[in-house]
Amino acid sequence: MTDSSEIATEWRTPTPASRMRLLGWVARRVGGGAFVLWMVATVIFFALRLIPGDPIDAILGGPGSQASAEAVAQIRSDYGLDQPLIVQYFLAMSKLAVADFGTSYALKVAVAPYVLTQLWSTLVLTIASLVVAWAFALALTLATSGRGRAAHSVGSGLELLAAAVPHFWLASLLIILLSNTLHWLPPISVPGPLGLVLPVLTLALPLTGFLGQIMRESLSNAYEQPFVLSARARGESEWGVRFRHVLRHAALPGISLSGWAFGSLLSGAVVVETIFARPGLGRTLLSAVTIRDIPVVTAVALLSALIFILMTIATDAIDRIVDPRMKGVNAQ
Amino acid sequence: MSAPRIILTPLALAASAALVLAGCTATTEPALEPVSGGTLVYATGDAEPGCLDPHVGGNYPQALISTQYIESLVSQNSDGEIIPWLATEWTPSDDGLTWDFTLRDDVTFTDGTPFDAEAVKANIEHLKDPNTASSTGYLAVGKIDTIEAVEPNHVRFTLSAPDSALLESLSQPWVGIQSPTALERDQAANCENPVGTGPFVVAEWVKQQSITLERNENYNSAPEDAEHTGVALLDSLTWRFIPDAATRYAALQSGDVDVIDNAQPNNISSATSDPAIEELNAPRPGASNRIELNSGKAPFDDELVREAFIRAVDVSPGIESLFFGTAERSYSVLSSVEPAGTSAPDAFTTDPEAAKTLLDDAGWDTIDSDGYRTKDGERLSLVFPISTNQSIPAEQSLFEQIQASAKDVGFEVTLQPTDLSSWYGALFTNEYNLVSAPYTKVGADVLRILYHSDSIIPAPSGYYANLAQLSDPKLDQILTDASQTSDEAERQSLYAEAQSIIVDGFYVLPLYDQQNHYLYNTSVEGFRALPTVSAPTFYDAWLNN
Amino acid sequence: MTEILAGRLSHAPGAAPGVRGWRRILSNAGVIIALGILALILTAALAPQLITSAQPDAVSPAEAFQTPSGTHFFGTDESGRDVYTRVVFGAGNSLLIGIAATVVGLGLALVLGLLGGLGSRLGDFVSTRIVEVMFALPGLLLALVFIAITGPGVVTSTVAVGLSTAPGYARIIRSQLRSVRNAGYVEAATVLGHSRLRITLQHILPGALAPIFVLGTLGVGQAIVWASSLGFLGLGVAPPAAEWGAMLSSGRTYIDVAWWLTVFPGLAIVATAGSFTVLGRALNARARQEVGG
């Protein structure tokens, strides 16, 4: 993390040279991203085949199948499962390269559209959770930092607790409190905004804890910087100082954290989607791994890797824009 | 004048009170008039089916939903008798190898195709076709060799061997009759929205979320034990998937859902004090929920050790407390809804001291430092894979209690909770000593599937049903005879004998019926479980709001 | 993630707190509470018999679902087992998995980070790619697939959680190494003519690896929460072993009749994870203060 004490606020006008550098940067990131995707696909391919059990069980609708020997042999050849492993690998990679994700073993539907619908549901959940977490963290941090030890301890303590709470426990507590006792919200995910509240709260609160801790740290550092003193000397109000000068510095590490947070939200979504009966990528992944539905697992893994890569590129780009000192520095 | 008035007044009061009371009792419970309309929301805890066509594969989640839109040739009433449904009459030949069925001639599939003998033929052939990959239905029609459409309303089956369980097999949802036009589509299309003759039609399937079923406006084929005739009362059904039990019950309490299945024991218990929720207890047919002892390998290849295990574990107190009294202890291999089931409480008495003596007699007489018995340096170890998909938490806790009481006698029981695929994996590779595998089938013929030695031979997928690995030629003969005789009394006595052999050999420890409790909102009227496999039917259901 | 929690790390060598540092750490009330909790948890893990006399798998169906009382501080569960005892014995499992997973993650990260920070350009390229791939794979997927391959258990949980946390640590170690390499005193040592090996061992490694202690402390808390999530999904230790996540999971089923089955194991997780975080942040803050970073 870079020291945020000297952030300049000027913008440099783009020159042809800097444009070329930017282009080069983008090309390198995209190339790197493609490489990572390929490696992820390879790791998944071999890892899934290490799982004990015959992949054909998922296709037959479950391991308890009575399918005859001819049916089994037919299916095996239809799906190319009787080829040597290295041949299967090349076939699989070439299909993925043209974005052909095949058919789900268990659900017999095209994987790509199916996974994309699940993705939408999870995206709504994770983005909403991220936004809510940001809002809560900002509010908590701005309200309790720079105001003395007591407020700082309270805020810090709350953040600490929030970050240490497991999702599934929080979900149970929220359901008991807000649904069973107060009857304010439905305990399952119903269509519409009401059904989103509990799932989002469950994911957002622990994230608020993390974000809050980071922001608090950056914020208190930023307060000690000379430019704050000069702003105050110029007669800026407390809130003016907070919002116009200090906020940007508090937000910087939060931005890079969001990239990581998104990935962890996807993992947290599994628990939330299971408990609140919400369709989504997390639940899909869990059941696909359980029944060994290889095409679906592969698609979900690649999709989340892609999202992660895009988010990383995006956050790095935002970092470069917000903090011009990063341009030209060899990104770590 | 005052004296008669004084006498009259109390009399009058009494008389009028009596009149009022009579009037009250006459009007407290007016006959409820079913109301048409509305959408009922059903939340299942079972897995979402991969395919809505019950011919493909054939598991219980499929049966639950296909009961709403696909019907079978025959059904069963609550007394266990086979009653007509899509078929009105049936006549087996004397040698039992030919069956003639008379079919209804006024039924149409919801896509307009008429229901006739050709349709039945297409369906049985679909079941037997390897490309369908049918498991349950395939087994059910296993003995049907040829199907002949003699006339549009007359179909004839020719069997390879007499099958006394044919009608019971045909009553199951996995052998339901679908439109032959629909069956001709590719499998993916037919899995999305199969076409049947049932009271509802599959309208939309949003994967991982819900399935919408709409009323079949041309429905006319209700079985004779239904409460009304004509179309269904509800406009539509919403079928939701809520795998988490606590959430499912919470959804019922909050009114977001009207009916739930797989109700957990503690929820059933709390529901008894909740005036807004009612319970329907519908045990599944076939086998009871039991623990099988793998007699195919050590140490349970020794009958003394099997008996010792059964004497050592006392499951009744655990069942009582873990299931809050909602599950009754079973001492039968078969479900309590099977007429041919026999119960043998005396065979399953608990006696830890006797267990210890039996183990001593069997040669397991040395005890090592951890308290487990050993013989020739080998520890008395039992592996117990548990499928977390099939065993509810209360059952898993019961297994933990069994583990503890077995330890007191010297058995080392290792519990392995795993997912379904890994569980099957352990079974296929014979890496188990104890297992609890439910099996749902209509009729006592399930004994043949579970305990005939042919069932130890794995299918091409690796699956085999005889997990106790019971191989007894005498039992084999009894089961084969029972499946071929058409004399009902002889069938009953053969099955009784079969159960005796299984119980006396200590191959099985019965626990309770396959639990199948539905909880529903009191506003739901007319909801019942079809007596065949105890799947819910909403044909007579209506919402009393 | 823990890199972020750690905030800015000390870049100077010998960054473990000195004597005055320790005293300053202990003066914070929050830290004292955290240390107290951790001491309790440690006792529970290493010598449970000191704080409870019952056995965690003492099944007693007649005593099932008893509310918390004088005899059963946390009540009893569905099989009549004392919840307090199970929470105490569960500390051992949870702590073991948490610490072991952090060690595994740090160990793996060390290899990758050293390769990236000290090695040639090729080594850096390879290790950065590996880290990127590990980052891109969702942690849960890694865990699920790994557990599907090897079957659930303590070792599997440990490795699964360790694998998920390794890339984060690796990035920190690598960036630490790179920045220390360019530091002034290293330049000075090179000018003085010290051998590369000596420079590496005496200056670079201690400077870069000093924050590991802090990272590990912070990480253990998160690893415990992670492991309990796996236990919740049924992928943890086998029954009848007591493990907080699994206890929470089975307790959820009975939440309407026995709230104590979920509340107490949950509190244990929060208290432990929170205490580790408090301790880690205190160590980090004091270490930075001491060096004036």
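Modeller: In chain C of this predicted model, confidence is lowest in helix α1 (residues 2–5) of chain C, at a mean of 46, and highest in helix α3 (residues 29–46) of chain C, at 88. Here pLDDT is the predictor's confidence in each residue, from 0 to 100, and helices are DSSP runs (H or I, at least four residues) numbered from the N terminus. Residues are numbered from 1 along each chain as its sequence is written, and chains are lettered from A in the order in which they are written. Local features need pLDDT of at least 70, side-chain atom pairs count only at pLDDT 80 or more, and totals for chains, interfaces and linings use all residues; hydrogens and water are left out.

Biologist: What is the mean pLDDT of chain C?

Modeller: The mean is 78, and 85% of the residues of chain C reach 70 or more.

Biologist: How many residues of chain A and chain C take part in the contact?

Modeller: Contact means heavy atoms within 4.5 Å; 43 residues from chain A and 43 residues from chain C take part.

Biologist: How many salt bridges does the rule find across the interface of chain A and chain C?

Modeller: The rule asks for a side-chain nitrogen of Lys or Arg within 4 Å of a carboxyl oxygen of Asp or Glu; between chain A and chain C it finds zero salt bridges.

Biologist: Which helix gives the largest share of the side of chain A that touches chain C?

Modeller: That share, nine residues, comes from α1(A).

Technical notes: Helices (H or I, at least four residues) and strands (E, at least two) are DSSP runs, numbered from the N terminus.
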